[in-house]
Amino acid sequence: MLIGELATQTGTTTRALRYYEEQGLLESDRTPSGYRVYGPHAVTRVRNVRDLLASGFTVENVKSFVRYLDTDLPEVFEYSPACADGYVVGAQRVAELEEKIAALTRLRDILVHRMPWLAAPTGLPQKTPMSQAG
């Protein structure tokens with residue numbers, strides 16, 4: 001795929017893609033006429049790089065993390081600041097989600113206590129036909 005197609009599919013600019021390539025975060029081949037051509041995994045790579053950079057990671061940390069992912073998750077883990085930071089960010093997000101779930105559960109309990117019909121096992125009450133109601 002050409003650089004314009006990649007930019008469209010990833011929602012980024014060609015300038016950003018050229019920057020990623022200059023920094024060693026993205027690779028491309030060149031056609032005989034000099035056009036950049038990207039492989040099938042370029043879309044995923046660009047989205048990952050963009051998200052990591054937007055999250056505040058440095059270019060060097062993103063390089064370390066991308067190199068780690070490119071090794072198909074080796075058995076021996078080599079420490080990388082980006083991996084450690086990614087773990088901390090992930091753990092923080094999990095903690096935030098658990099806190100939100102706990103708050104929503106408390107809210108649900110309060111609502112069910114005040115309005116018991118919300119906890120009906122069948123969901124909404126079944127409607128009976130008018131002919132059977134009389």
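Me: Let's start with the term itself: what makes a contact a salt bridge?

Reply: A salt bridge is a side-chain nitrogen of Lys or Arg within 4 Å of a carboxyl oxygen of Asp or Glu. Do keep in mind that this is a predicted model.

Me: Then why is the pair Glu60 and Lys63 called a salt bridge?

Reply: The closest N and O atoms of Glu60 and Lys63 are 3.4 Å apart, and the cut-off is 4 Å, so the pair qualifies. Glu60 and Lys63 are three residues apart in helix α4 (residues 59-70), which means about one helical turn separates them.

Me: Why is Glu60 called partly exposed?

Reply: Its relative accessibility is 48%. Exposed needs over 50% and buried under 20%, so Glu60 falls in between.

Me: How many salt bridges are there by this rule?

Reply: The count comes to three. One of them joins Arg36 and Glu21, with the closest N and O atoms 3.1 Å apart. That pair links distant parts of the chain, with Arg36 in strand β2 and Glu21 in helix α2, 15 residues apart. Both Arg36 and Glu21 are buried.

Me: And what makes Arg50 and Asp51 a salt bridge?

Reply: Their N to O distance is 3.8 Å, and the limit is 4 Å, so this pair counts too. Arg50 is partly exposed, at 26% relative accessible area, and so is Asp51, at 43%.

Note on methods. Residues are numbered from 1 along each chain as its sequence is written. This is a predicted model: local features need pLDDT of at least 70, side-chain atom pairs count only at pLDDT 80 or more; totals for chains, interfaces and linings use all residues. Side-chain values use heavy atoms; hydrogens and water are left out. Helices (H or I, at least four residues) and strands (E, at least two) are DSSP runs, numbered from the N terminus. Buried means under 20% relative accessible area, exposed over 50%, partly exposed in between (1.4 Å probe, protein chains only).
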